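Please keep the sequence and the model in view while reading.

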Amino acid sequence: MESRNTSLLSLILLLLPLFLQLFQVEEALVINSRSTDADVNRVCVEMDRKPLLEFKAGLGDPSGRLSSWVGGDCCKWEGVDCSNATGHVIKLDLRKPYQPSVAVFPLSGQISDSLLDLKYLIYLDLSSNELSGPIPDSIGNLDNLRYLDLSDNSISGSIPPSIGRLLLLEELDLSHNIMNGTIPESIGQLKELHTLQLDWNPWTGAVSEIHFMGLTKLEHFSIYLSPATNNSLVFDTKSNWIPPFSLKVIIIGNCKLSSTFPAWLGTQKELYHIILRNVGISDTIPEWLWKLSPQLGWLDLSRNQLRGKLPTPLSFGTSHGWCMADLSSNRLEGPLPLWYNLTYLRLGNNLLSGPIPSNIGDLSSLRVLALFGNLLNGSIPSSLSKLKYSRFIDLSDNHLSGKIPYNWNDTKMLNVLDLSKNRLDGEIPSSICSMQIIYLLSLSDNNLSGELSPSLLNCTGLNSLDLGNNRLSGEIPKWIGERMPLTQLRLRGNMLTGNIPQQLCGLSDIRILDLAHNNLSGSIPPCLSHLSALKFRALLNTPLDDLYADYYTERMDLVVKGKEMEFQRILSIVKLIDLSSNNLLGEIPHGITNLSTLGTLNPRIN
């Protein structure tokens with residue numbers, strides 16, 4: 001009998017790990033499932049129902065998202081999931097849902113200490129709300145937690161050191177809050193953590209090797225701060241440090257990382273997404289990084305002091321969808337490289353020189369090409385028009401000469417073309433408006449001549465037209481005010497003649513009208529007082545901001561109070577009429593002075 005009992009006990013002990021494993025699998029499966037009719041056997045545990053109601057009581061819920069939180073069975077409440085085996089709450093997902101057709105408002109309030117009584121909680125997502133106040137100091141009591149997302153709120157205070165007790169935590173996202181202070185070293189105890197996102201919080205102090213000591217499974221590390229923090233967070237690691245992890249994604253921005261390229265990054269062989277933006281590196285780019293190019297889907301080393309020449313040719317990875325390389329605002333020199341498989345290429349504000357390669361059109365996958373602010377010379381290759389998928393081309397502020405390529409018929413998707421501040425001559429090609437969806441055309445500060453071609457009439461979606469400071473002649477066409485939805489028209493510094501056409505008064509959305517320094521005559525049309533956009537306040541954004549805010553900054557030189565200034569970020573709220581230095585006669589129409597939001601009116605020297 002004793003032998004039989006011993007055998008039975010041995011069998012139980014043998015099978016116990018299997019039962020535990022099956023239980024863990026069941027718990028994990030419910031994390032990714034929603035309640036169904038098959039879950040009729042799940043009944044909420046009272047000890048979990050009470051903390052949820054206490055949490056709800058402290059929240060503002062204008063959309064009634066928690067209206068289902070009534071009755072005795074909390075397992076049927078919106079955003080709540082329970083274990084099929086025990087009935088304990090193991091998942092709380094109150095992320096603000098994205099529903100374009102329905103107005104859904106965020107929850108407000110604070111993270112209640114009562115939530116810490118949900119001892120069996122595995123998954124907690126409160127992101128994209130308006131929660132405020134600190135994270136409770138005893139957050140570490142949720143020792144079964146594997147997923148914690150508090151991003152996109154207004155949470156303040158520091159990270160509680162007790163977070164280091166969440167030993168099962170796999171993902172932690174505290175990004176886009178107003179948290180401050182130093183990052184606790186205890187975060188390095190999260191041995192199961194594979195994703196750590198701390199972006200857009202004003203952290204201070206230092207991040208050292210201790211913060212990463214136990215993070216052997218870390219794959220995604222992100223700590224991109226606001227530029228307003230003035231690089232208040234410093235990385236303090238030894239030059240010979242070998243991290244315990246193997247990252248796939250690293251995102252560090254607006255921090256003090258290192259003056260030299262960190263050697264420890266060379267140990268990270270699985271990287272496919274690298275952002276080291278404005279981190280104080282003043283060095284050449286190491287060879288090991290270029291060897292990673294076949295697997296890289298995103299490379300952003302912009303706003304540092306990188307120097308040296310760029311390798312060419314180079315092929316980037318194609319397995320991650322759209323592929324980007326941004327090395328703008330450095331001190332890189334030498335010829336323009338040919339990098340293949342890229343969707344976005346930004347090399348602006350460097351010291352690159354020489355001609356644009358004649359086979360630039362072979363980079364057929366490019367949607368964005370930004371080479372502004374370099375020392376590039378020679379002519380614009382005709383193969384540029386082969387970039388038929390390009391949405392944005394910026395070659396401004398270089399030393400390019402010759403004529404603008406005449407064939408743009410294949411670039412049907414182009415939204416932005418900026419060739420300003422070069423030495424281009426000849427006429428504006430008639431095919432330049434074959435891309436009817438073009439939004440912005442800037443050819444200013446060149447040596448272009450001829451009259452304004454009727455082909456511009458085909459730019460029916462044009463919002464901003466800047467042809468200033470060229471040698472254009474003839475009259476201002478009447479059709480500019482009849483067919484174009486312009487908000488900005490800059491024709492200053494040319495040789496235009498004739499009257500200001502009445503049809504310009506049809507530009508109801510115009511905010512900037514700069515016709516200064518021409519040979520215009522006649523009187524100022526009184527109907528300019530009807531320009532409705534100059535009667536109302538503007539928002540600090542345009543459709544262009546939504547499309548290309550990260551890739552293009554619209555720029556325009558305007559004269560305000562006698563001083564020429566370059567406007568960039570605030571250009572969308574500038575309101576100006578400049579008719580100065582022409583041959584206009586008569587008085588200023590009284591109604592123009594009553595345009596309530598017109599910031600600058602300059603009719604002088606007429």
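The link of C433 and C459 is left-handed, with -85° about the S-S bond. It is a disulfide, that is, a pair of cysteine sulfur atoms within 2.5 Å, and the sulfur atoms of C433 and C459 lie 1.5 Å apart. The pair connects distant parts of the chain, 26 residues apart: C433 is in the loop between β29 (423–426) and β30 (440–442), and C459 is in the loop between β31 (447–451) and β32 (464–466). Helices (H or I, at least four residues) and strands (E, at least two) are DSSP runs, numbered from the N terminus. C433 and C459 are both buried, where buried means under 20% relative accessible area, exposed over 50%, and partly exposed in between (1.4 Å probe, protein chains only).

The coordinates are those of a predicted model, in which local features need pLDDT of at least 70 and side-chain atom pairs count only at pLDDT 80 or more, while totals for chains, interfaces and linings use all residues. Residues are numbered from 1 along each chain as its sequence is written, and side-chain values use heavy atoms, with hydrogens and water left out.

How many disulfides does the rule give? The count comes to four. With bonded cysteines counted along the chain, the disulfides follow the pattern 1-2, 3-4, 5-6, 7-8.

One of them joins C44 to C74, with an S to S distance of 1.9 Å. The torsion about the S-S bond of C44 and C74 is about 85°, and the disulfide is therefore right-handed. C44 lies in the loop between α1 (2–31) and α2 (46–57), whereas C74 lies in the loop between β1 (59–60) and β2 (80–82), so the pair ties together parts that are 30 residues apart in sequence. C44 counts as buried because its relative accessibility is 10%, and C74 is likewise buried, with a relative accessible area of 0%.

Another disulfide is formed by C75 and C82, whose sulfur atoms are 2.2 Å apart. Here the torsion about the S-S bond of C75 and C82 is about -105°, so this disulfide is left-handed. Both C75 and C82 are buried.

Two further cysteines may be located in the model. C255 counts as buried at 0% relative accessibility, and C323 is also buried, with a relative accessible area of 0%.

The backbone deserves attention next. Most residues other than glycine have a negative phi, and most peptide bonds are trans. Which peptide bond is cis, with omega near -5°? It is the bond from T312 to P313. P313 lies in the loop between β17 (307–309) and β18 (314–315).

Positive phi values can be examined in the same way. N278, a residue other than glycine, has a phi near 55°. N278 is found in the loop between β15 (273–277) and α3 (287–291), and its relative accessible area of 23% makes N278 partly exposed. K421 also has a positive phi, near 55°, and is not a glycine. The place of K421 is in the loop between β28 (416–418) and β29, and at 29% relative accessibility K421 counts as partly exposed.

D117 is found in the loop between β4 (108–110) and β5 (123–125), and at 38% relative accessibility D117 counts as partly exposed.

Is R490 buried or exposed? At 0% relative accessibility, R490 counts as buried. R490 belongs to strand β34 (residues 488–490). The C-alpha atoms of R490 and I512 are separated by 7.3 Å, although the two residues are 22 residues apart along the chain.

Finally, the chain may be viewed as a whole. Its secondary structure comes to five helices and 42 strands. The C-alpha trace spans about 115 × 55 × 45 Å along its principal axes. Of the 606 residues in the chain, buried residues make up 53%.
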